[in-house]
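Colleague: I've got this model open on my screen and would like a close look at a single part of it. Could you take me through that part, and then show me how it sits among the rest?

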Amino acid sequence: MSQAVNADHLDELREIVAEVLEVEPEEITETSSFVEEHEADSLRAIEILARIEKKYGIDIPQSELPNMGNLRAVHDVVAQHAGWQA
Amino acid sequence: MSRRFAAPLTAVDRVGTCTATRVEAVKEIVADDPYLAGHYPDFTIYPGVFTLESVHQAVRLWAREHRGGGATADLVRIDSLSFAAPLLPGDTLHIGCDVAGDADDPHLVRVRARCTRGDGTLAARATLGLRIREEGDSAPAPGAVPASGTAPAPAPGGTRAPGAAPVLDHAPVLDHAAVRRVLPHRHPVLLVDEVAELVPGEHVVATKAVAGSEPCYADLAEDLPGSAYAYPASLLVESFGQSGAVLWLRTAEAAGTPVRGTLVFGSARDVSITGSARPGQVLRHVVRIDRTIGDNVLMEGEIWAGGERIATVGSVLAAVRGGLSAAAP
């Protein structure tokens, strides 16, 4: 299920992903694939997960990693676990 | 050929392009390079930190080309260093570095490096800061000992946190024999001597004595300044990472869930190197576990030498992976 998107949250998440993947934030679009387009792998996914958990003080199960393949998907997973309302 | 700086190995074989803003270099991975016999005894893998060494040496060569023959380049900042694929004997490491000056500090250069294998696979990425010293420069090296021979005074606010670098006169909690039972690394790349303190799940204090007889001090030219004997940044980071690995492996063991597989250095981020260690000094690593996620652990901490904090480490990711084919360095 896709959630309504908060632009501030999206930008914060974009910043985290860009830092871990060592690319400019503007290269990360909502739907660009971390693995296919930004050379991510399982270690980078763990780092992204850990940073998000720390920033928002939430726990995201490792089983969600396969559902976090692009920025929009990350946003939706985090929104669900952080209880973000549109 | 004699070197003008301490290094674990010659980590660049050839230099290609070397313009004012870019340097490209190549390193062939061979099993009989120095240090590789201990990494690991049963199979050889180019340590992740040696990829950092390769990038560092490429930038040293760039500095000599573009900032004068006597220029040196000290690593002062690792914003990010991440590993994606292992390098094995027979692989070719291609190093590509974009080099840019810093608007505020003429001695600082920022480097974005991308390292790939012969087959084009991404091996590592890095974003680094290096301090360039040109010949005759008065700017001291990080941690340079003043001419009087006295230790540098602590910065205002104090880098000597009381209790953070205690004088340890009691017996270690893990002696060298015990360290060897925990870590798979072997001579000469086993870079933890003893563990002074260890609280599973929390922190470790581990030591490593730096000696002039180590392989990284072989083949040095004569009449070099003291700064040339700084313990290599690559080995400094490796020693810190191994200290963290001891903490993690012992933590997992204490919890009854021992970690099995190949130890992988995933990344280092937000590392500031403000000093250096010389032969005769003892490195003291203070490493804390930040969080554990499955077979991965994130740690942070600092590195001390001779009572002075010489580096802070924002984050190191270590992991274990079952098959080598899926493993990073």
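Which helices of chain A do the buried residues of α4(A) pack against?

Modeller: Happy to, and keep in mind that this is a predicted model. The buried residues of α4(A) pack against α1 (7-21) and α3 (42-56), both in chain A.

Let's start with the helix itself. α4(A) covers residues 71-82, which makes 12 residues. From its first C-alpha to its last it reaches 16 Å, close to the 16 Å expected at 1.5 Å a residue. The buried residues in it are A:Leu71, A:Val74, A:His75 and A:Val78. Look down the axis of α4(A) and you'll see these buried residues fall within an arc of 100°, so they line one face of the helix. The spacing has a simple background: an α-helix has 3.6 residues a turn, so residues three or four places apart point the same way. That buried set is what packs against α1 and α3 of chain A.

Of its 86 residues, 29% count as buried. Its C-alpha trace spans about 30 × 25 × 20 Å along the principal axes. A compact globule with 86 residues would have a radius of gyration near 12 Å, and chain A agrees with that at 12 Å. If you take the contacts in chain A with a separation of 6 or more, 58% of them are between residues 24 or more positions apart.

Chain A also has a partner. In the model, 10 residues of chain A are in contact with 16 residues of chain B. On the chain A side, the residues that touch chain B divide into 4 nonpolar, 1 polar and 5 charged.

While you're over in chain B, have a look at strand β11(B), residues 296-305. Of its 10 residues, 9 are buried, so the strand is largely enclosed by the rest of the structure. β11(B) pairs with β10(B), residues 282-293, in the antiparallel sense over 10 bridges, and B:Gly301 in β11(B) is the bridge partner of B:Val287. The two strands form a hairpin with 2 residues between them, and B:Gly294 in that turn has a positive phi of about 55°. β11(B) is also joined to β12(B), residues 308-321, by 9 bridges, again antiparallel. Here B:Met299 has B:Val316 in β12(B) as its bridge partner. β11(B) and β12(B) form a hairpin too, with 2 residues between them and B:Gly306 in the turn at a positive phi of about 55°.

One last stop in chain B is B:Ala233, which is found in helix α3 (residues 233-254) of that chain. B:Ala233 has 25 other C-beta atoms within 10 Å; the cut-off for buried is 20 or more, so B:Ala233 is buried. Leaving aside neighbours within four places in sequence, B:Ala233 is in contact with B:His56, B:Leu75 and B:Ile273. B:Ile273 is 40 residues away from B:Ala233 along the chain, yet their C-alpha atoms are separated by 8.3 Å.

Definitions and conventions:
Residues are numbered from 1 along each chain as its sequence is written. Chains are lettered from A and ligands numbered from 1 in the order in which they are written. This is a predicted model: local features need pLDDT of at least 70, side-chain atom pairs count only at pLDDT 80 or more; totals for chains, interfaces and linings use all residues. Two residues are in contact if their C-beta atoms, placed from the backbone, lie within 7 Å. Ala, Val, Leu, Ile, Met, Phe, Trp, Tyr, Cys and Pro count as nonpolar, Asp, Glu, Lys and Arg as charged, and the others, Gly among them, as polar. Helices (H or I, at least four residues) and strands (E, at least two) are DSSP runs, numbered from the N terminus. A residue is buried if 20 or more other C-beta atoms lie within 10 Å of its own, exposed if 12 or fewer, and partly exposed in between; C-beta atoms are placed from the backbone. The expected span of a helix is 1.5 Å times one less than its number of residues. The arc is that of the directions from the helix axis to the C-beta atoms. Two strands pair if DSSP finds at least two bridges between them. The radius of gyration is taken over C-alpha atoms; the globule rule is 2.2 Å times the number of residues to the power 0.38.
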